[in-house]
Amino acid sequence: MRSSKRLLAAWVLALVLALGMFVFASPRQALAEGSSDASQSQAFSDEPNLTQAQAAYVTDQAGNVLYAKNEDQQMPMASITKIMTAMVALDSGKSLDDICTITVPDLQADAQMAGYTATDTPTFGELMRVMLVYSANDAAYNIAVNVAGSEDAFVDLMNQKAQELGMTNTHFSNPHGLAEDDHYSTAKDLVTMGRYALEHYPLIAQLVSTESTTGTVNGQQVTFSSTDKLLSTYSGARGIKTGTVETGTCFLGASERQNVQLFSCVLGCTTDAGRFADTAALWDWAYQKYNRITMSTTKWLLGMRTYAYDFSAKVAYVGTQDSTGLAWPDGSDVTYQTVAPTQAALLENGDGYGWSLWMQDNRTLGYGFYGTQAKLVRNVSAWPVFELPLFYSASQLGMSN
């Protein structure tokens with residue numbers, strides 16, 4: 001027994017001396033690293049710092065509700081309406097190449113317009129682009145008329161779609177979002193709509209993340225810039241739609257960082273900049289609610305395997321890169337799947353040594369990749385002192401496999 005202990009101690013000492021560059025961390029410490037990159041230097045607060053929004057709502061793609069404020073209060077949703085217009089129009093099956101006739105609508109004087117005239121012949125695809133990127137109200141009106149024959153018939157389809165999606169506190173009166181007494185929604189319903197649109201309509205997802213587009217208006221090619229300022233100022237922003245009415249501004253938004261998608265809505269803001277500032281604050285706060293976990297790092301020694309060209313030597317395998325992911329603390333268990341050679345495999349320096357996929361709530365947290373490094377350790381015991389950290393018990397990690 002004493003000889004075995006001495007052999008084990010000698011093995012560990014030789015390994016530490018040969019591989020002193022590696023840091024050995026407990027799995028609990030290594031895997032739970034606190035808040036996300038959004039704002040690590042600030043202490044987490046119970047609520048986001050919203051300065052204008054009268055109503056706000058944010059979820060992740062798994063449906064976890066991260067924050068809610070007056071989420072069922074019926075309020076004007078302005079041009080966020082155009083997301084529903086786009087879905088209903090695409091549901092019609094109309095080809096993006098179809099030529100559309102233009103009717104100049106009688107809308108309020110300050111309504112945002114592309115300026116289409118009765119002589120213009122844009123394609124259905126162009127009208128979609130100008131509507132979703134630039135938020136042109138004349139584009140939305142003409143989409144409705146060309147798809148359904150009349151604005152009223154199209155609005156009926158919009159309300160049917162809203163009911164299908166479970167938007168029980170929403171009613172549409174027009175396809176563009178200009179203020180009407182019976183035109184309203186809620187932050188919760190609009191997030192439901194936004195999530196569905198991005199997940200089921202690739203064209204909408206593409207267009208709402210586009211910073212500019214072009215169209216031919218009155219015979220001239222015109223460049224239209226996006227009304228979404230977060231696309232160029234917030235890392236991970238994915239759209240989706242701004243809105244402005246006399247009573248205030250609003251924004252239905254989406255973002256993604258480290259495979260975590262957020263869907264949010266703020267209603268009842270007082271300024272153009274305020275809706276974006278409150279959305280950014282909401283996203284930063286929401287990302288902080290997630291725990292960042294380390295799945296792989298070059299500082300972890302994961303184990304030893306027999307060297308292919310010298311059976312008396314061992315080659316170490318380590319993480320080939322640092323890999324982290326964001327885990328929802330109140331979600332389901334984090335699970336992983338590992339693909340690796342058998343313990344009997346003979347390895348050379350620089351060989352890959354498998355990978356692991358980490359998931360939570362059917363969402364990929366990230367991957368850990370492993371490989372052998374250049375140093376060899378000779379005359380060591382075959383005693384399996386170190387094993388791959390991925391094989392800790394589920395109770396030890398607070399996970400299941």
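Residues are numbered from 1 along each chain as its sequence is written. In this predicted model, local features need pLDDT of at least 70 and side-chain atom pairs pLDDT 80 or more, while totals for chains, interfaces and linings use all residues; side-chain values use heavy atoms, without hydrogens and water.

**View 1. The largest cavity.** A cavity is a set of points on a 1 Å grid over the protein atoms alone where a 1.4 Å probe fits but cannot get out, and lining residues have an atom within 4 Å of a point. The count is two cavities of 30 Å³ or more. The largest has a volume of about 50 Å³, a volume being the space filled by probe spheres set on the points, which are joined across faces, edges and corners. Its lining includes Leu132, Val133, Thr227, Lys241 and Thr242. Helix H4 (124-134) and strand S5 (237-245) each give two or more residues to this lining (DSSP runs, H or I of at least four residues for helices, E of at least two for strands, numbered from the N terminus). S5 gives the most, with three residues.

**View 2. Thr227 in the lining of the largest cavity.** Thr227 lies in the loop between strand S4 (220-225) and S5. Thr227 is buried, at 18% relative accessible area (buried is under 20%, with a 1.4 Å probe and protein chains only). Contacts of Thr227 (heavy atoms within 4.5 Å), not counting residues up to four places away in sequence, include Gln112, Tyr134 and Phe276.

**View 3. The second largest cavity.** This cavity has a volume of about 30 Å³. Among its lining residues are Asp60, Tyr290, Trp328 and Arg363.

Conventions. 1 Å grid on protein atoms, 1.4 Å probe; cavity = no way out; pocket = protein on both sides within 12 Å on 5 of 7 lines; lining within 4 Å. Buried < 20%, exposed > 50% of the residue type's maximum accessible area, 1.4 Å probe, protein only.
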